[in-house]
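Subject: Structure handover and notes

Hello,

The structure is below, and my notes on it follow. Please read them with the coordinates open.

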Amino acid sequence: MTNVVSLLPKLKVTVIDCPVETWRDDASREAFNQLVQLKLDGYGSEYSHGALPLDGVDWVATHIMTSAVERDGTLKPLMSLRIATLDRCEEYNMPFPALALANSSGAELHRKSVEKTLERCRENKVRIGHSSSWTVLKSVRENKIMSNLLKEVVAAVHFSYEEDHGIQEMFCAGVTRFKADIYQQALGFELLQLDGKVLSPFAQKSLNGEFVNMLLQRTPSPLATECVQKHRDLWLNRTVFSDARHLPKEQQPQAQLKAA
Ligand SMILES: CC(C)(COP(=O)(O)OP(=O)(O)OC[C@H]1O[C@@H](n2cnc3c(N)ncnc32)[C@H](O)[C@@H]1OP(=O)(O)O)[C@@H](O)C(=O)NCCC(=O)NCCS
């Protein structure tokens, strides 16, 4: 009998951190090109004209791309995710996506809730980010086994990145049509609240009015931790394109540390 697991492709994770800083590196530029194409394809198969999966924050955020390793060793991108921390957005004078999203969609209660959280995080020196742009190629997600595997992997890379970079809280917006908000809750995200009241889904303007739930994660769930452990090797063997000063302290070159 054929072992189903042996038919699954070997996966490789690539982290493209702040592409504007690594633009001179041919390999980083090539990876970023692939990422842009993946985002266009992943979103393009679900949304009508005008729903742009790209913006200025893409240049300064961190993109985590998962690819299949082909027989000849080349990478075929399957899934990506973007993480933008508040401090990174401020460093480059870019809008923080959670706030921009609520603002541009006219979601006033969500905007207030995000602002309150940001205020608390600033006061308590809590590092916070926004996780978004999760997409999987349509042809790949049609295969339920691959779709389930990639859901584990997206959790693994998301929470491994959080851990490595000391990110304590994370916003996201989950598209209800794809039950993304349900999966995010299973991973430890909670629906946004304002004055003790849970907020409802709203129409996201930049996605042509697609309904999303906004969520905030403070503690990873047991499922999230399980995914991190299960796919630890994938994370440890990742390729990283990053400017040295954006790496966690223990990954920075010694000379950089001495200068700091
Ligand atoms: C979000 C995404 C990565 C999830 O991928 P996935 O979970 O592997 O697979 P699918 O999206 O195909 O399916 C997820 C669920 O939504 C359901 N679904 C998918 N398309 C649907 C539709 N048009 N109408 C109703 N339900 C739909 C599926 O039946 C499935 O339900 P199940 O889990 O009960 O079986 C993928 O849908 C995607 O890339 N979407 C475009 C980009 C996007 O909107 N990203 C924002 C995510 S917050």
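Which residues of α7 meet which residues of α9? In α7 they are Glu152, Ala155, Ala156, Phe159 and Ser160, and in α9 they are Ala224, Cys227, Val228 and Lys230. Contact here means that the C-beta atoms of two residues, placed from the backbone, lie within 7 Å. By class, this contact has six nonpolar residues, one polar and two charged. Ala, Val, Leu, Ile, Met, Phe, Trp, Tyr, Cys and Pro count as nonpolar, Asp, Glu, Lys and Arg as charged, and the others, Gly among them, as polar.

Before the rest, two notes on the source. Residues are numbered from 1 along each chain as its sequence is written. The model is predicted, so local features need pLDDT of at least 70 and side-chain atom pairs count only at pLDDT 80 or more, while totals for chains, interfaces and linings use all residues. Helices (H or I, at least four residues) and strands (E, at least two) are DSSP runs, numbered from the N terminus.

Helix pair α7 and α9

Two packed helices are described by the angle between their axes and the distance between the axes. The axes of α7 and α9 (residues 222-230) come within 8 Å and cross at roughly 90°. Axes are lines fitted to C-alpha atoms, for helices over the stretch in contact, with angles from 0 to 180 degrees between N-to-C directions. The two helices are therefore roughly perpendicular, a label for angles of 65 to 115 degrees; under 35 is roughly parallel, over 145 roughly antiparallel and the rest oblique.

Ala224, Cys227 and Val228 are the buried residues of α9. Their arc around the axis is 100°, so they line one face of the helix; the arc is taken over the directions from the helix axis to the C-beta atoms. A residue is buried if 20 or more other C-beta atoms lie within 10 Å of its own, exposed if 12 or fewer, and partly exposed in between, with C-beta atoms placed from the backbone. The buried residues of α9 pack against α7 and α10 (232-236), whereas the face turned away from them carries the exposed residues Pro222 and Gln229.

Helix α4

In α4 (residues 97-104), Pro97, Ala98, Leu101 and Ala102 are buried. They cover an arc of only 130° around the axis, which puts them on the same side of α4. Among the elements that cover them are β3 (75-85), α5 (108-123) and β10 (210-217). Glycine 106 follows α4 and has a positive phi, near 70°.

Ligand shell

There are 15 residues around the ligand, and Thr135, Arg141, Ser147, Phe178 and Ala180 come nearest. A residue is near a molecule if its C-beta atom, placed from the backbone, lies within 6 Å of it. The shell has six nonpolar, four polar and five charged residues. β4 gives the most, three residues.

Loop residues

Cysteine 18, in the loop between β1 (10-17) and α2, is buried, with 22 other C-beta atoms within 10 Å. Asparagine 93, in the loop between α3 (86-91) and α4, is exposed, with 8.

Glutamine 168 lies in the loop between α7 (144-164) and β5 (169-175). It is partly exposed, with 15 C-beta neighbours inside 10 Å. Leaving out residues up to four places away in sequence, glutamine 168 touches Val126, Arg127 and Ile128.

Regards
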